[in-house]
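Let's take a friendly walk through this protein, one piece at a time. Have the picture ready as you read.

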Amino acid sequence: MSNFNTHDPRRVALIKSLTTKNRFYTLVDEASGIKNADALEVIPDSIILGIAYPCLEDGLNDFAVIRTTFETLDYFPEDDPLREEMMDIIKSARQNLILRLQELRDKIASSLSHFLGTDYNEFKQYAIDIVQRGYPRRNLDAMMKLNVFSSVAEAEGAKNANELLYFFEFSLPMNLEKAHATPAHEFIVFLFEELLHCVLDDKNYQSKYSFDRHVFQKFIAVMFINYATTDPVYYGINKADYGVSSDKDMDSTPLYTAIKKELLAIEQRLRDQGFSIGVVGTSRSLEDAAAAMPTEILTEEVIMGHISSLCSAAGLLRRKSDPEIQKLAEVVLTDASNLFEELKTLGILSPFAVDPSGM
């Protein structure tokens with residue numbers, strides 16, 4: 001393999017698609033006019049993209065909106081016209097997920113987008129492990145700081161939900177023999193096709209349980225596998241990585257240094273081989289990989305999940321015809337936005353986080 005140019009003058013930029021709301025890393029030159037933290041109407045197919053925090057995590061806001069809306073529906077009588085508006089909120093968030101997953105699937109499939117610092121062979125093997133051997137629901141909830149895997153089991157009548165295993169179940173045709181024979185890159189594309197298929201299935205929106213059971217669990221399982229197979233430098237948890245904005249020079253931070261090196265290497269592999277298969281696999285077990293995951297990576301997801309749920313509930317209350325309830329909802333949204341900004345200032349939330357209040 002040829003050596004890539006370590007003196008390449010291009011800079012790393014985190015860019016956002018206004019169409020899909022996905023964010024990716026890429027290399028840009030001055031002539032492009034693109035700056036770090038820029039938003040583009042559509043991300044062109046002429047640039048190579050890197051997937052690292054916060055690309056997959058951005059979708060969690062849409063999941064929070066859907067789940068909170070389902071929870072809130074229980075407080076409104078069947079004949080309340082607001083229920084129809086709430087279902088429209090679910091439809092809107094669902095459409096966001098569809099656009100996100102379609103773009104991820106398509107760009108990964110065409111080798112225009114690549115998971116950074118990720119061992120593709122491990123990614124595939126760990127997914128097959130969860131399909132074949134399962135993984136403790138309690139461990140998934142604990143490591144991802146959620147209560148979705150156990151709550152689904154409890155809703156199905158399990159008395160000891162924490163002791164049960166979670167098995168990733170395909171809704172699309174895929175057996176273990178075929179899975180083992182599928183190249184890692186193609187298998188990862190199939191995983192995103194599976195997620196998209198579940199998001200598109202109307203049957204999965206009958207209740208919060210059906211959504212959690214058939215959609216949210218799967219997305220979180222894929223996120224967990226991604227974390228377990230990615231070099232921690234790409235999580236952006238180093239304090240030197242915080243403060244990202246279009247005004248700050250990020251080029252020498254640990255995260256951006258690693259991203260530039262990886263994107264240059266990917267470009268070289270594409271030139272040399274015509275495609276990229278990710279990092280060569282190792283022999284770690286899923287348990288060993290999970291044990292090595294830094295706990296810091298999930299702190300932001302937990303906080304953002306709560307703030308997003310709070311904002312979603314307040315947004316629903318703001319639609320009520322009662323002026324007093326509307327006023328209280330505005331107070332909640334304003335305070336949630338202020339809390340969000342304070343947490344960013346304190347460095348508890350990274351600069352990549354987006355205010356879910358919309359204010």
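## A word to know first

A residue is called buried when its relative accessible area is under 20%. Keep that cut-off in mind for what follows. Also remember that this is a predicted model.

## The whole chain

The protein chain has 12 helices and seven strands. Of its 359 residues, 52% are buried. Now take the contacts with a separation of 6 or more: 73% of them involve residues 24 or more positions apart.

## A buried arginine

Find helix H8 (residues 208-228), where Arg-213 lies. Is Arg-213 buried or exposed? Its relative accessible area is 19%, and the cut-off is under 20%, so Arg-213 counts as buried.

What does Arg-213 touch, once we skip its neighbours within four places in sequence? The answer is Val-152, Glu-156 and Glu-169.

## H1 against H2

Next, look at helix H1 (residues 60-73) and helix H2 (residues 82-109), which pack at an angle of about 160° with their axes 9 Å apart. Angles over 145 degrees count as roughly antiparallel, so that is the label for H1 and H2. The crossing of H1 past H2 is left-handed.

Who makes the contact? On the H1 side you'll find residues including Phe-63, Ile-66 and Phe-70, and on the H2 side residues including Met-86, Ile-90 and Leu-97. Sorted by class, the residues of this contact are 11 nonpolar, three polar and four charged.

## H2 against H7

H2 also packs with H7, at an angle of about 165° and with the axes 9 Å apart. H2 is therefore roughly antiparallel to H7. Here, too, the crossing is left-handed, as H2 passes H7.

From H2, residues such as Leu-97, Leu-101 and Ile-108 take part, meeting a set in H7 that includes Val-189, Phe-192 and Leu-196. This contact has 12 nonpolar, two polar and three charged residues.

## Checking helix lengths

H7 covers residues 184-200, and its 17 residues reach 24 Å from the first C-alpha to the last, close to the 24 Å expected at 1.5 Å a residue. H7 is mostly covered, with 13 of its 17 residues buried.

Notes. Residues numbered from 1 in each chain as written. Predicted model: local features only at pLDDT ≥ 70, side-chain atom pairs only at ≥ 80, totals over all residues. Heavy atoms only, no water. Axes fitted to C-alpha atoms, helices over the stretch in contact; angles between N-to-C directions. Helix = DSSP H or I, 4+ residues; strand = E, 2+ residues; numbered from the N terminus. Parallel < 35°, antiparallel > 145°, perpendicular 65-115°, else oblique. Left-handed = near helix turned anticlockwise from the far one by under 90°. Contact = heavy atoms within 4.5 Å. Nonpolar A, V, L, I, M, F, W, Y, C, P; charged D, E, K, R; others polar. Expected span 1.5 Å × (residues − 1). Buried < 20%, exposed > 50% of the residue type's maximum accessible area, 1.4 Å probe, protein only.
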